[in-house]
Amino acid sequence: MACVLEAPLRMSVLSEVTASSRHYVDRLFDLDPQKVLQGVMLLYLLQQETSSTELRTECAVVLGSLAMGTENNVKSLLDCHIIPALLQGLLSPDLKFIEACLRCLRTIFISPVTPEDLLYTDATVISHLMALLSRSRYTQEYICQIFSHCCKGPDHQTILFNHGAVQNIAHLLVSTSYKVRMQALKCFSVLAFENPQVSMTLVNVSVDGELLPQIFVKMLQRDKPIEMQLTSAKCLTSMCRAGAIRTDDPCIVLKTLPCLVRMCSKDRLLEERVEGAETLAYLIETDMELQRMASITDHLIVMLADYFKYPSSVSAITDIKRLDHDLKHAHELRQAAFKLYASLGANDEDIRKKIIETENMMDRIVNGLSESSIKVRLAAVRCLHSLSRSVQQLRTSFQDHAVWKPLMKVLQNAPNEILVVASSTLCNLLLEFSPSKEPILESGAIELLCSLTQSENLALRVNGIWALMNMAFQAEQKIKSDILRGLSTEQLFQLLSDSDVNVLMKTLGLLRNLLSTRPHIDHIMSTHGKQIMQAVTLILEGEHNIEVKEQTLCILANIADGTTAKELIMTNDDILQKIKYYMSHSNAKLQLAAMFCISNLIWNEEEGSQERQDKLRDMGVVDILHKLSQSSDPNLCDKAKTALQQYLA
């Protein structure tokens, strides 16, 4: 196809036109092939070393303007391999050309359609960008901005860290240019996020005699721009969560936390309130004292209730721009508020009570569970999970608002990330003192939970079996039978051979709860005894930790407490030998658990006790009991003496 161009324009004029006319920018990547060629020609001229530096610079400027157009423009530029062309341009000795290439690269990389990995395809690129940091304040600004937008996750953090990002960028925090300081700060914000290696390094780096945490604290001051306050608070938050700064350090308690609470106030922009609340939620998520301090700072709990009042009903109707703005941020505000409430209420009962007593809080959570936005639903479930740790609230507010109904609905069809938190919440609602337990059972929860135990997602398997364990505690025989029927023997064995110790422990906990009260023990062992004894044998013979074997011996002790079930132990010499072995084990917990088995087998008041006592005496159990009665461990000593009394009675 012939390359037919419209009347040629001098490049400097073209750059002015493209920078000021969105219409012209978009037309350059019109579907008309001849117009597309204009953009391609610019790229061609950019790469020609025979072109003058001035022309190549103007080409880079115009391409940068094109990249500011629609996402389709950026996609077209990417398809034309603009990034390799611009990176090649960075090898030029001409600073103005380098700056124009970097500015264009910055614009391309901040577009959501540009894959960040394109920056890391050639290992030499990062090194060269680091070297260019010293050339001018523009190279510093653009390169830091590129890094902060392209640093997504630990792999990218490691690459930048290993190329000396901390050392090369640190001094830019004291630059005379605000834009450079800000972009450097944003770089550290993404580098340190959930990265202990970077955080531990940052805490010891000094610039002009000041450590970086001190510089970050100065940037938190009220007279600094909000953007700077927020970003430095994020840096300090990441360093604190990584363990580089203590949670009781004054820079966290007296500076970072109050700054983030300030960002949640009504006089801040909506986007600032979102970022402030989410960062604060992350800061206090795992620390009880920070949660307590945040809860009493500037009436934060009440302040957050305002996050649910957007879009404003009256004023927004007369102001379309305001309505559009409020709608845009309404989901983000609710998500941020739920997240922060979840962190605030993670541990303290009084804080949970204050949250729940906040204006229409339970209704807001229930509504949040059915929101169209997945992020809001997830945050609402997290908030509910946090509050469900309260015994009092499970008995009152949770019951009054029947939160189990929308929760069960969420569990029917949701992405795994929501299912994990929702099933954790269900575990709490199934505790024996929760009034929600019965209606949840009646709504078909057993089938749902049994299906979760078959999930490939580890957290879902753990939560499924954990919820069944809670459900089986002090339950009626019918419920226990329904659980065993729903799980199937095959699935139970699958769970008992799971490679994850949490799954194994919860499955053993379920078995222990199923095998409680004599009629239930005898009934279950009459139908599933062979399989359960086989599972117990496998675990006691396997390479498992003390806690797993202790739980398994406790299951045997429960079986030994049955009326007819205990015969499954007495007729199994292999199991009896194992119990005898653990009576003499070096670990006192295992000895004690084995002793419970023996006590239940030899108890005098039960039929057949004499025969059982005789068999165990012949095995040498009485000799071990005599030794244990002299133990320095008071629990072992008392249990052994009590058992010996059964022989003397």
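**View 1. Residue classes in the lining of the largest pocket.** In this predicted model, the lining of the largest pocket comprises eleven nonpolar, 16 polar and 15 charged residues. The space within the largest pocket amounts to about 1,600 Å³.

**View 2. The centre of the largest pocket.** Of the 42 residues that line the largest pocket, those nearest its centre are Phe 193, Lys 234, Glu 278, Thr 279 and Lys 339.

**View 3. Helices that contribute to the lining of the largest pocket.** At least two lining residues come from each of α9 (137–150), α10 (154–162), α12 (178–192), α15 (226–241), α17 (270–284), α20 (320–344) and α23 (374–387). The greatest contribution is that of α17, which supplies eight residues.

View 4. A disulfide requires two cysteine sulfur atoms within 2.5 Å. By this rule, the model contains zero disulfides. Cys 104 takes part in no disulfide, and the nearest cysteine sulfur, which belongs to Cys 101, is 7.5 Å away. Is Cys 104 buried or exposed? Cys 104 counts as buried because its relative accessible area is 1%, and the cut-off for a buried residue is under 20%.

Conventions: Residues numbered from 1 in each chain as written. Predicted model: local features only at pLDDT ≥ 70, side-chain atom pairs only at ≥ 80, totals over all residues. Heavy atoms only, no water. Buried < 20%, exposed > 50% of the residue type's maximum accessible area, 1.4 Å probe, protein only. 1 Å grid on protein atoms, 1.4 Å probe; cavity = no way out; pocket = protein on both sides within 12 Å on 5 of 7 lines; lining within 4 Å. Points joined across faces, edges and corners; volume = space filled by probe spheres on them. Helix = DSSP H or I, 4+ residues; strand = E, 2+ residues; numbered from the N terminus. Nonpolar A, V, L, I, M, F, W, Y, C, P; charged D, E, K, R; others polar.
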